[in-house]
Amino acid sequence: MALLEVKNLKKNFGSTEVLKDINFDLEEGQAISIIGSSGSGKTTLLNCISTIDKVTSGHIFVGG
């Protein structure tokens, strides 16, 4: 069972699509790196995972 599952995550700010179809699983003992250029949505993804921002669609499961 994954500690963190992100499935079909999308985030829009108005008509601007910031995140589109983000999918990954993080299992116990694994590490993940989120890389990208400035403005690519890294902080927005982390804000969605930590529930600071509400996702437009998709699901985030923490701890199963």
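Guide: The radius of gyration is taken over C-alpha atoms, and the globule rule is 2.2 Å times the number of residues to the power 0.38. This is a predicted model, where local features need pLDDT of at least 70, side-chain atom pairs count only at pLDDT 80 or more, and totals for chains, interfaces and linings use all residues. Residues are numbered from 1 along each chain as its sequence is written, and side-chain values use heavy atoms, with hydrogens and water left out.

Visitor: How do you know whether the radius of gyration agrees with a compact globule?

Guide: For 64 residues the rule gives a value near 11 Å. The chain has 12 Å, so the two agree. The C-alpha trace spans about 35 × 25 × 20 Å along its principal axes.

Visitor: Which elements does the chain have, and in what order do they run?

Guide: The order is β-β-α-β from the N terminus on. That is 1 helix and 3 strands. Helices (H or I, at least four residues) and strands (E, at least two) are DSSP runs, numbered from the N terminus.

Visitor: Why is Thr44 called buried?

Guide: Buried means under 20% relative accessible area, exposed over 50%, and partly exposed in between (1.4 Å probe, protein chains only). Thr44 has 13% relative accessibility, so Thr44 counts as buried. Of the 64 residues, 19% get that label.

Visitor: What does Thr44 touch?

Guide: Contact means heavy atoms within 4.5 Å. Leaving out residues up to four places away in sequence, Thr44 touches Lys11, Phe13, Val18, Leu19 and Asp53.

Visitor: Which residues of helix 1 are buried, and what puts them on the same side?

Guide: Helix 1 covers residues 42–49, and its buried residues are Thr44, Leu45 and Cys48. They cover an arc of only 100° around the axis, so they lie on the same side of helix 1. The arc is that of the directions from the helix axis to the C-beta atoms. Their cover includes strand 1 (4–13), strand 2 (16–26) and strand 3 (57–62).

Visitor: What follows helix 1?

Guide: Thr51 does, with a positive phi near 65°.

Visitor: Is Ile60 buried, partly exposed or exposed, and why?

Guide: Ile60 has 25% relative accessibility, so Ile60 counts as partly exposed. Ile60 is found in strand 3. Not counting residues up to four places away in sequence, Ile60 touches Leu4, Glu5, Leu9, Cys48, Ile49 and Val55.

Visitor: How far apart are Ile60 and Lys7 in sequence and in space?

Guide: They are 53 residues apart in sequence and 6.4 Å apart in space, C-alpha to C-alpha.
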